[in-house]
Structure formats: structure tokens, C-alpha cells
Amino acid sequence: MKKENKTILITGASSGIGRETAVKLAKLGHSVFAGVRRKIDKNELESLKLNIKGVYIDVTNTSSIEKAFWFVLKNTNKIDVLINNAGIAEAAPVEFIDLKRLKEQFEVNTFGTVAVTQKFIPLLNNAKVINISSMASSGIFPYIAPYCASKRAMDILMNSFALENKNNIKVISIKPAAIKTPIWEKSVKNAEEAFLQLKEADRDKYKKEFDYLKKQAVNSSKNRLNIYNVTDKIIEIINAKNPKTSYNVGADAFLAEFISKLPQDIINFLITLKLKII
């Protein structure tokens, strides 16, 4: 049976998962609205001569979301799939995390996802909303607690929306293991800048852990799960008649989910052992 071409809106389409997903979906014949924040990214995507329209959207800005909605509405009266992909990753010990950075983490990953979904509900009747979450939403990873918490909060809020909404909108969460995307390089840069601003005594307290996490983040941008594992899962979900509410992608994601179901004291014991040997 021939697959029906759909109209899809995806946020955070400038790079990484968002860009690759937008391009792949357009090549499959779908109409794609690709959310970007820079003119250069819009021009680059549209220069591919695929069925992609760049849409300026900053998920932390109400006015930007409003303008994006009206732009999309001028071109279509229905969105079949909304992919909430825009995200950032902040890393720091809770003791020293700058509250401004913590709030920004939630503004993008959590509140931005809710804000975009709320605004586009009039176009989402009988649609799918696919949220790019993370295995970090299991909440078992210290030093990236801001990222973990923002993804967990997003999943909780959007699962409630799935139960509550009156528009027959199906909500799906994708939880990948660490993958090769620029988000980790940006995270390392931000964390390193913040770390260097600490007093020397405070840096010494966490230097071993910071060096380890930096190494892990660099590996995540080079040697981890291929981005196409996620784009393929997105396509599978779009084509599925009755997709599940949650999908793990990658062995580490399944392991994280398993560990997260253990009693908290056992989780903390296992994580503490891991930290002692790094």
C-alpha cells in the first residue's frame, strides 16, 4: 500500500536530528516545515530543492511561535505530525549550576515543547506529536541533572496532554541513547566556560568528574549512536497506525530505563560505584 504523504512541522531543524529528519522526510515525499532561528539555515535547507519550507521559530519566544503559526497556517490548514526536537543540554554539579542556565534549560526543552504544541493544536486534529526526549529522562545521571530533569518534566507534561486533549492527538516520546549531534559539543563548551569561572578550590572538588564528563561528551559527538537510528525510528512512528507512547533507541537507553526502575538506594549505590572508578 502506498504511504500517504503528510505535512510535518519540526523544531530545531538547523542541525543534528532535526535537519537530518527534515531532509529525509522531504525526500520521502512529505511536506516539511523546518523550524530554524537563522536565515542562513533557512536558505541552506530550501536550497536543497526539496519540499521544505524554512520557518523562523524560537521556542522560548511567544511572539516567534505566534508568527510561525500564522506562516504555517497561510500554507496549510492541517499538520499531520509535529516533531518537538529543539533542545539544549546543560551540565554542572547542582551545587554550582547557574540558575539562569538552569532556567534556560527548562525554557527550551520543557516550556518550549509545551508552548509550540499549545499554539499548533488548532492544526493538529487526529495528528501525532513526536517529542525527542532522551535516555537522560530516566534521571539516573549526575552532573547533567538539568538536562535529565528538563526531559523528564517534558515527558510528564506531554503524557498528561496525551490523556487530556480532545483533538485525538497521539503523543509519542523517543528516548535515544547518546548520539552524534552538535548538542554535546555546545554542552561541553558551556560547561567548560562555567567551570573555569569557579574558584580554584571549587574546581578541585569536581575536576576528576568534569574531565570524565568532558571526555564522555566528546565521545558522544563522535563515537555513539548514529543519528539515522533516530531518524529511522521517527519515520517508523509516522507510518505506524498505532504507535507506542514511548520508544527507546540504542542499548544504553534500554539499560537506563531498566536501572531507573530499581529502588533509588540501589541506583545511587551503583552510580556511586561508577563515579569512584572514573
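Which hand does the crossing of H3 and H4 have? I looked this up in a predicted model, where local features need pLDDT of at least 70, side-chain atom pairs count only at pLDDT 80 or more, and totals for chains, interfaces and linings use all residues. Residues are numbered from 1 along each chain as its sequence is written, and side-chain values use heavy atoms, with hydrogens and water left out.

**Entry on H3 and H4.** I found that the crossing of H3 and H4 is right-handed (the near helix is turned clockwise from the far one by less than a right angle). Helices here are DSSP runs of H or I with at least four residues, numbered from the N terminus. The axes of H3 (residues 62–75) and H4 (residues 99–120) come within 10 Å and cross at roughly 40°, where axes are lines fitted to C-alpha atoms over the stretch in contact and angles run from 0 to 180 degrees between N-to-C directions. I noted the residues in contact (heavy atoms within 4.5 Å), among them Phe69 and Val72 in H3 and Val116 and Phe120 in H4.

**Entry on H4 and H5.** I read that H4 and H5 (residues 145–164) pack at an angle of about 20° with their axes 9 Å apart, and they are therefore roughly parallel to each other (angles under 35 degrees count as such). Their crossing is right-handed.

**Entry on H1 and H8.** I saw that H1 (residues 16–27) and H8 (residues 227–239) pack at an angle of about 50°, with their axes 9 Å apart. H1 passes H8 in a right-handed crossing.

Notes
Helix = DSSP H or I, 4+ residues; strand = E, 2+ residues; numbered from the N terminus. Parallel < 35°, antiparallel > 145°, perpendicular 65-115°, else oblique.
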